[in-house]
Amino acid sequence: MKITVVGAGFYGSTTVQRIAEAGYADEVTMVDIIEGKPQGLALDMMQSRPIEGFTTRIVGSNDYAVTAGSDVCVITAGLPRKPGMSRMDLIEVNAKIVGDVTRQLMATSPDAVFIVVSNPLDEMTALCAKVSGLPKERIIGQAGMLDTARFKHFVSEATGVSPLEVEAITLGSHGETMVPVPSLVKVGDKPLRDVLDQGQIDEIVQKTRDGGAEIVGLLKTGSAYYAPSSAAAKMVEAVVQDSGDVMPVCAWVEGQYGIKDVYLGVPARLGRGGIAGIVELPLADDELEALRTAAEAVRTKQADVDSFL
Ligand code: APR
């Protein structure tokens with residue numbers, strides 16, 4: 001099994017490390033435009049193998065030749081946000097980068113499943129699908145796994161319950177119209193509304209939506225990458241192992257939730273061919289409405305995202 005990660009920045013290199021250490025791939029290749037960066041990081045990670053006890057090969061290069069025949073390609077190339085920026089502020093510069101990366105990967109790995117993480121996420125996922133021309137189920141965006149993890153974190157902090165005992169999900173866009181779903185949150189065995197009052201729940205929902213911005217504000221020179229890379233690596237694993245696990249991801253929606261023809265955050269079953277099916281959860285009326293609003297919010301930008309190329 002061969003995985004490629006494009007972009008050897010914080011997000012990309014941490015994703016490579018997580019995949020390599022998990023041990024399900026034979027080889028992970030990492031490509032970046034900066035000369036020496038992917039090579040140096042790959043060498044450093046290779047030298048951790050005797051200590052960590054894994055045998056995955058890690059190859060860094062500025063040349064896509066090393067990526068040939070990859071089963072899964074993760075696109076992390078692009079600029080991260082600076083404090084005060086919205087993810088949408090990145091669209092012009094990152095569209096050019098993601099468009100170029102997609103073309104290069106299509107030349108070497110046309111049979112791969114593509115996982116996009118560059119921002120603005122919903123638009124970059126749609127762009128990758130357009131440029132590649134691949135069937136929509138082979139292109140997946142990573143956002144819901146991360147937003148869900150943040151939602152669980154804030155619920156855990158507010159309730160004192162272990163994050164491993166919090167059940168939760170976020171849907172919608174990876175931006176202003178993110179839809180954390182309080183009606184489906186369980187803390188231990190209890191519904192969230194039995195544990196926290198509405199004011200506390202609203203606060204957690206807002207903190208989840210602002211989760212990325214909070215970290216950008218603290219870091220000042222980059223954006224989050226530990227939780228994001230965990231999310232991306234979990235998705236790669238589900239695809240490679242054909243697990244059928246249901247995860248919140250950015251997927252092409254074709255009528256589910258009364259929404260059609262747009263890339264949007266929904267729960268989906270992941271397998272060897274990418275998206276194996278979208279799962280329709282029972283949402284409260286206001287949550288369903290928020291999901292439909294999110295779809296309309298991202299639809300227009302997605303439709304003409306190739307105008308930025
Ligand atoms: N091809 C390959 N790599 C590229 C290209 C390109 N055309 N353009 C830029 N890169 C590389 C940069 O050289 C850099 O090493 O992408 C990397 C980005 O790394 P960071 O600046 O550390 O950003 P990171 O935190 O990894 O975030 C990457 O993920 O979460 C999103 O918003 C974030 O869009 C950003 C992306």
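Tutor: The protein is divided into domain 1 (2-141) and domain 2 (144-304), with bounds that come from an automatic or database domain assignment. This is a predicted model, in which local features need pLDDT of at least 70 and side-chain atom pairs count only at pLDDT 80 or more, while totals for chains, interfaces and linings use all residues. Residues are numbered from 1 along each chain as its sequence is written, and side-chain values use heavy atoms, with hydrogens and water left out.

Student: What makes residues of domain 1 and domain 2 part of the contact, and how many are there?

Tutor: Contact means heavy atoms within 4.5 Å. The contact takes 35 residues from domain 1 and 40 residues from domain 2. The domain centres, taken over C-alpha atoms, are 22 Å apart.

Student: What is meant by the area that domain 1 and domain 2 bury between them?

Tutor: Buried area is the accessible area (1.4 Å probe) that two parts lose on being put together, summed over both. Here that comes to about 3,200 Å², with 67% on carbon and sulfur atoms. In domain 1, Tyr24, Arg87 and Asp122 lose the most area to domain 2, together 20% of what that side buries.

Student: Why is the pair of Asp71 and Arg272 called a salt bridge?

Tutor: The term requires a side-chain nitrogen of Lys or Arg within 4 Å of a carboxyl oxygen of Asp or Glu. The closest N and O atoms of Asp71 and Arg272 are 2.9 Å apart, so the pair meets that rule. Across the interface of domain 1 and domain 2, the rule finds 1 salt bridge.

Student: What makes the peptide bond from Asn119 to Pro120 cis?

Tutor: Its omega is near 0°. Pro120 is placed in the loop between β5 and α5, where helices (H or I, at least four residues) and strands (E, at least two) are DSSP runs, numbered from the N terminus.
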